[in-house]
Amino acid sequence: MANITVQEQDVLIKEQGYNDHFHDHHHGDKYQTNFIFHYIFSMDHKMIARQFLITGMIWAIIGAAMSVVFRLQLGFPEESLTWIKPFLGKWIVVDASTGIGKLAPEFYYALVTMHGTILVFFVLTAGLSGTFSNLLIPLQLGARDMASPFMNMLSYWFFFLAGIVMFYSLFLSTGPFSGGWVAYPPLSALPQASSGSGTGMTLWIVSLVLFVVSVLLGGINYITTVLNLRTKGMSLWRMPLTIWAFFVTAILGLLSFPVLASGFFMLVFDRSLGTSFFLSDIFIAGQALDRVGGSPILYQHLFWFLGHPEVYIIILPAMGLVSEVLSVHARKPIFGYRAMVYSILAIGFLSFIVWAHHMFMSGVNPFISNFFVIFTLIIAVPSAVKVFNWITTLYGGNLRLNTPMLFAIGFVSMFISGGLTGIFLGNSAIDIQMHDTYFVVAHFHIVMGVAAFFGMFAGVYHWFPKMYGRFMNETLGKIHFWGTMISAYAIFWPMHYIGMAGVPRRYYSFDNFDAFRHFTDMNKFITVFAIISFFVQLVFVINFFYSIWYGKKMKTKNPWEANTLEWTTPIEPIHGNWPGNLPVVHRWAYDYNKDEREFVQQHVPLKEGEVGDH
Amino acid sequence: MENVINNRNRIHPHKFALWAAMASISMMFGAFTSAYIVKQAAGNWLEFSFPYEFYWSTAVILLSSVTLHYSFSNFRNKEEKKYKQLLIASLGLGITFVVLQYLGWTALYERGVDLKGNVSGSFFYLLSGIHALHVLGGIAAMIVAMLHAYTLKFNVTEKRINRFDLVVNYWHFVDFLWIYLVIFLLMSK
């Protein structure tokens, strides 16, 4: 730490901060000194955040490329796909007489399954909450690092291992698991059920168990850090909304992923040890299996007890990031801070008692459904509170329409569009028509897929200077935003119509159905925009890696003139985050345009007579 | 790792993290037992009585919690000898618990309750089996505590109290978990 001179330190932190004796002893070689411990087995939360982000990006590209392949099949079922044969090999079946290559139907299902698994777990759970919880929790709370940096490192490496296992399964000769990302039995429980149900499913479940371990290690750490390592003055009610969101997300993960794990254990017993938890009355090729007494619905209950909180595990961090970005770039305090916190808590609580709305049509008692309908619709209340507060924050603000802000506003737009269709689907009666159609696909892609991505992009563009000391290119960023915004709506808006007409999801081809044949043009339209959207994301990837090395350098500590503590740390990140004392917090994070001051950082003491907080 | 510990707090962050992990494990067993209730209500459910081994194992794990508790309090009171003896006793009782569980499973199997048979039997093996895995984790932690007791110089420091406290907490937790499972299984008959 000797190379950091006293002059560079923030005078306020030096004079008013408090000394936790962190720098009194030398931390030795385990953190920063050599390449392996600096970049690979790092225990520094800022490095682990970047590891999560880049691994998540690689998975996002793989998952998105898969969606392009199955969209080609859906949009252009007559066209030859022989040109992808070099990548997909035997999964493109070439007709010897005509030379036309077709996507193998079983691989279509594998692609759909993997797309879902990868995007939900690897990208939007690990890539989003892993990245930003790691980066921002210690920085925004004024902590030196996570409560257990070692567990934090393990969390990343379990995620990495889960990724390796899943990646390996893509290359199996029988193909990866193909029974849908929810892995319902019997397709997941009987190895003989389909080609992907054998080794593919075994690796899928191994990968996801490793993933659950990663989430739990991370989540325990996030919760402990938030509750135990806040700096002086950082009361819970002074925490930025990002931290509130990550905190509740971690609690949801901690309480719901173990339930998924128990479902998986029972599934493993059914697959490998011959039990019948989820199996009953199954006939294969006319032969009855000797498994009796189980219930596949039981698995669905266990799965969706995670599955529903999982969508909030995905969307809450995005909400937190957006709240922060909107407030900073609108130069206004977030509207209704306490209401925002209470709505995060309410959403978190409600997410645990609505899971059966995913199962209205799978044989759940309709009277029980009523209960779930009511609680599902009640979620609209805290969600609407958040939306109105975001809009009110924007209203009359001095908006800076830069890329992070555009993505944050785009998030609000997507969340409204996708949230409204949730009100349709939350009704068990309407669900009789809508279930398992493209309406559902459109709903969840907009509300938790695209919206979560928008939140993530807002976060990446906003905190990129904190991560790499440089800015991302604005022009490319705006191309990325408008390209994504337009193509996302162009992809998912038409799906609502297709879905209302009753077109089922997950079908390989609609050629044989008179009722669905006239949607050919719409499917083409969707596919074209899916391809455009894919290439627009590559603009982001190029921008990201280019800017790491050649982006515009960050000259000041606080380029966005934001209030939160991460912008008081040195431009060149160090282990322990603050070179000398830790900052002491005197106010909430949203003092923008207060008493003729444009912004007042959290560690600035209250002036005489100034009323603090909110 | 100690670097980041903030002394303002009454509960040690590692202990808090352990409690969070225990909440997480509780959710898993909550899920198993909920699934048990749902499946039982759905019918096709055979009842069976437990072999006596399981009652003995319950007594043994309760006793091991008591001995470990006194081992910890002796450690804090710098009673080296009692601390070590009680720690060995706890470890021995912990291993005895797992052995008794194994004997119980064999006895159960001999009575015709098979893992592959009726779901009620599958659930019993599942609950007690996954619980036993967690106990093995606790035994591993106690072995580490033993190594500390016999290789390190006897010295009652804040750090070592905290470390031992984690082991004791976790062991009480697996004990409590087993009591919960026994009561649950007996009540749901």
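**Figure 1. The largest nonpolar core of the predicted model.** The largest nonpolar core in this predicted model holds 223 residues. Phe247(A), Ala318(A), Val322(A), Phe411(A), Ala451(A), Ala452(A) and Ala458(A) are the residues with the most contacts inside this core. Helix H5 of chain A, residues 105-141, contributes the largest share of the core, 22 residues. The view is set on Val322(A), which touches Trp390(A), Ala408(A), Phe411(A), Gly455(A) and Ala458(A) when residues up to four places away in sequence are not counted. Of these partners, Phe411(A) and Ala458(A) also belong to the group with the most contacts inside the core.

**Figure 2. Chain B.** Chain B contains 5 helices and 0 strands, and its pattern along the sequence reads α-α-α-α-α. The C-alpha trace of chain B spans about 55 × 35 × 20 Å along its principal axes. Of the 189 residues in chain B, 34% are buried. Contacts in chain B between residues at least 6 apart in sequence join residues at least 24 apart in 83% of cases.

**Figure 3. The side of chain A that touches chain B.** Here 39 residues of chain A are in contact with 30 residues of chain B. On the chain A side, at least two residues each come from helix H6 (149-169), H7, helix H8 (241-273) and helix H9 (296-330). The most residues on this side, 10, are given by H8(A). By class, the chain A residues that touch chain B comprise 23 nonpolar, 13 polar and 3 charged.

**Figure 4. Helix H7 of chain A against helix H1 of chain B.** The axes of H7(A), residues 199-228, and H1(B), residues 13-41, come within 9 Å and cross at roughly 130°. At this angle H7(A) is oblique to H1(B), and the crossing is right-handed. On H7(A) the residues in contact are Leu216(A), Ile220(A), Asn221(A), Ile223(A), Thr224(A), Leu227(A) and Asn228(A). They meet Pro13(B), Phe16(B), Ala17(B), Ala20(B), Ala21(B) and Ser24(B) of H1(B). The contact of H7(A) with H1(B) has 9 nonpolar residues, 4 polar residues and no charged residues.

**Figure 5. Helices H15 and H16 of chain A.** H15(A), residues 438-468, and H16(A), residues 474-500, have axes that come within 8 Å and cross at roughly 165°. Angles over 145 degrees count as roughly antiparallel, so H15(A) and H16(A) are roughly antiparallel to each other. H15(A) passes H16(A) in a left-handed crossing. From H15(A), the contact involves Tyr438(A), Phe439(A), Val440(A), Val441(A), Ala442(A), His445(A), Ile446(A), Val450(A) and Tyr461(A). From H16(A), the contact involves Gly477(A), Ala488(A), Phe492(A), Met495(A), His496(A), Ile498(A), Gly499(A) and Met500(A). The residues of this contact are 13 nonpolar and 4 polar, with no charged residues.

Figure 6. Glu566(A) lies in the loop between helix H17 (520-550) and strand E5 (592-594) of chain A. Glu566(A) is buried because 21 other C-beta atoms lie within 10 Å, and the cut-off for a buried residue is 20 or more. Leaving aside neighbours within four places in sequence, the contacts of Glu566(A) are Leu136(A), Leu139(A), Gln140(A) and Lys466(A). Phe277(A) is 289 residues from Glu566(A) in sequence and 50 Å from it in space, C-alpha to C-alpha.

**Figure 7. Thr202(A) in helix H7.** Thr202(A) is placed in helix H7 of chain A. With 18 other C-beta atoms within 10 Å, Thr202(A) is partly exposed. Thr202(A) and Leu306(A) are separated by 104 residues in sequence and by 20 Å from C-alpha to C-alpha.

**Figure 8. Backbone details at Pro186(A), Arg331(A) and Asn593(A)****.** Most residues other than glycine have a negative phi, and most peptide bonds are trans. The peptide bond from Pro185(A) to Pro186(A) is cis, with omega near 10°. Pro186(A) is in the loop between H6 and H7 of chain A. Arg331(A), in the loop between H9 and helix H10 (337-350) of chain A, has a positive phi near 55°. Arg331(A) is partly exposed, with 15 other C-beta atoms within 10 Å. In strand E5 of chain A, Asn593(A) has a positive phi near 50°. Asn593(A) is partly exposed, with 15 other C-beta atoms within 10 Å.

Terms used:
Residues numbered from 1 in each chain as written. Chains lettered and ligands numbered in written order. Predicted model: local features only at pLDDT ≥ 70, side-chain atom pairs only at ≥ 80, totals over all residues. Core = buried A, V, L, I, M, F, W, Y, C linked by C-beta atoms within 7 Å. Buried ≥ 20, exposed ≤ 12 C-beta atoms within 10 Å, placed from the backbone. Helix = DSSP H or I, 4+ residues; strand = E, 2+ residues; numbered from the N terminus. Contact = placed C-beta atoms within 7 Å. Axes fitted to C-alpha atoms, helices over the stretch in contact; angles between N-to-C directions. Parallel < 35°, antiparallel > 145°, perpendicular 65-115°, else oblique. Left-handed = near helix turned anticlockwise from the far one by under 90°. Nonpolar A, V, L, I, M, F, W, Y, C, P; charged D, E, K, R; others polar.
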